[in-house]
Amino acid sequence: PVPLLEWYRVNRRILPWREDPWPYRVWVSEIMLQQTRVEAVLPYYERFLRELPDISALAAAPEEQLLKLWEGLGYYSRVRNLQKAAQVVCEQYGGELPSDYEAVKALPGIGEYTAGAICSIAFGLPTPAVDGNVLRVLSRVLESHEDILKQSVKKHFEELLRETMPKERTSAFTQGMIEIGAIVCVPNGKPKCEECPLESLCLAERHGLLDSIPYKAPKKPRKIEEKTVLLICSSKKAAIRKRPDQGLLASLYEFPNTDHYLTADEVREYLEKEQGVTVESVEPLGNAKHIFSHVEWHMNGYLVQTDQIPRQYLAVERQELQNRYAIPNAFQAYYQKLMEVLA
């Protein structure tokens with residue numbers, strides 16, 4: 001581990017949760033970093049900590065504030081579980097994360113990797129944290145052709161790390177392994193082997209197998225859903241509605257939309273006949289696409305000016321959209337257009 005620890009000391013990125021690895025800060029950062037790049041997380045992290053500086057503030061935050069703070073990060077179940085876990089910590093542990101791996105892992109939204117990361121980075125416990133970055137590094141170092149999506153492979157690597165970790169430097173070891181995968185043995189692109197402290201140990205590099213390792217079994221193709229998104233505007237107000245409390249993007253706000261493509265004439269007919277409003281104009285806004293893990297939304301959109309906002313929707317002004325209601329990233333292409341219209 002010594003070359004890794006020395007490399008990490010010299011080459012690590014300066015990140016706020018590293019400079020002050022208080023358990024709450026490490027926990028929030030780890031949840032935000034699931035499915036999201038470090039550069040994207042930084043401004044969200046700073047704002048989140050500013051508004052919810054400790055576990056009790058997170059536990060007590062109103063849902064709308066919570067979702068607004070998370071707006072743009074996606075995978076909103078992460079922040080809901082973060083709050084549920086904060087409430088458990090307040091009820092059972094006096095508002096402080098327990099320094100015990102099993103207790104941390106039992107909290108909502110925390111799996112083996114996140115529990116391992118929190119316990120080794122914040123509490124100095126010898127608990128391995130194996131994420132995609134670490135799986136890639138270890139697969140290459142060991143020349144493993146096993147499918148890294150298999151739980152058994154992950155378990156095997158966790159055991160190897162548990163045996164290897166220096167018990168007095170667990171924080172630097174865990175972060176060093178993750179950091180190599182993030183900035184040296186990179187996920188998309190050519191690994192920078194000449195910068196890697198593990199190069200002399202790496203069997204995949206020695207045998208010219210970096211292109212084929214790590215191995216992942218192919219995923220099933222995503223389901224495609226076609227939608228028409230309507231920006232319904234009247235007198236500097238726009239229509240939004242709340243999504244159901246369960247399922248994809250649960251409880252977030254969205255622009256009215258249909259589960260199929262509509263023409264401009266069909267949009268006019270739908271709003272006048274079914275919503276009982278007078279349509280003044282319908283302007284096509286073009287197509288957009290958003291990819292979720294299992295589903296793709298293929299959307300076309302229209303800007304519709306009406307004499308009033310249909311009663312079934314919430315009529316909101318520009319400032320409310322900006323400051324209060326969380327609109328998912330899936331609608332980002334149309335959100336920007338609406339901001340211009342309402343300005």
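Q: How are helix 4 and helix 6 oriented to each other, roughly parallel or roughly antiparallel?
A: In this predicted model, helix 4 (residues 38-51) and helix 6 (residues 63-70) pack with their axes 9 Å apart and at an angle of about 155 degrees. Axes are lines fitted to C-alpha atoms over the stretch in contact, with angles from 0 to 180 degrees between N-to-C directions. Angles under 35 degrees count as roughly parallel, over 145 as roughly antiparallel, 65 to 115 as roughly perpendicular and the rest as oblique. The two helices are therefore roughly antiparallel.

Q: Which residues of helix 6 does helix 4 meet?
A: Contact means heavy atoms within 4.5 Å. From helix 4, Tyr44, Arg47, Phe48 and Glu51 take part, and they meet Gln65, Leu66, Lys68, Leu69 and Trp70 in helix 6.

Q: Over how many bridges do strand 5 and strand 6 pair?
A: Helices (H or I, at least four residues) and strands (E, at least two) are DSSP runs numbered from the N terminus, and two strands pair if DSSP finds at least two bridges between them. A hairpin through 3 residues joins strand 5 to strand 6. Strand 5 (residues 279-291) and strand 6 (residues 295-306) run in the antiparallel sense, and their pairing covers 11 bridges.

Q: Which residue in strand 6 stands opposite Ala288?
A: Residues are numbered from 1 along each chain as its sequence is written. Local features need pLDDT of at least 70 in this model. The residue in strand 6 opposite Ala288 is Met299.

Q: How many helices and strands does the protein have?
A: The C-alpha atoms fill a box of roughly 70 × 50 × 30 Å along the principal axes. Within the protein there are 16 helices and 7 strands.

Definitions and conventions:
Predicted model: local features only at pLDDT ≥ 70, side-chain atom pairs only at ≥ 80, totals over all residues. Heavy atoms only, no water.
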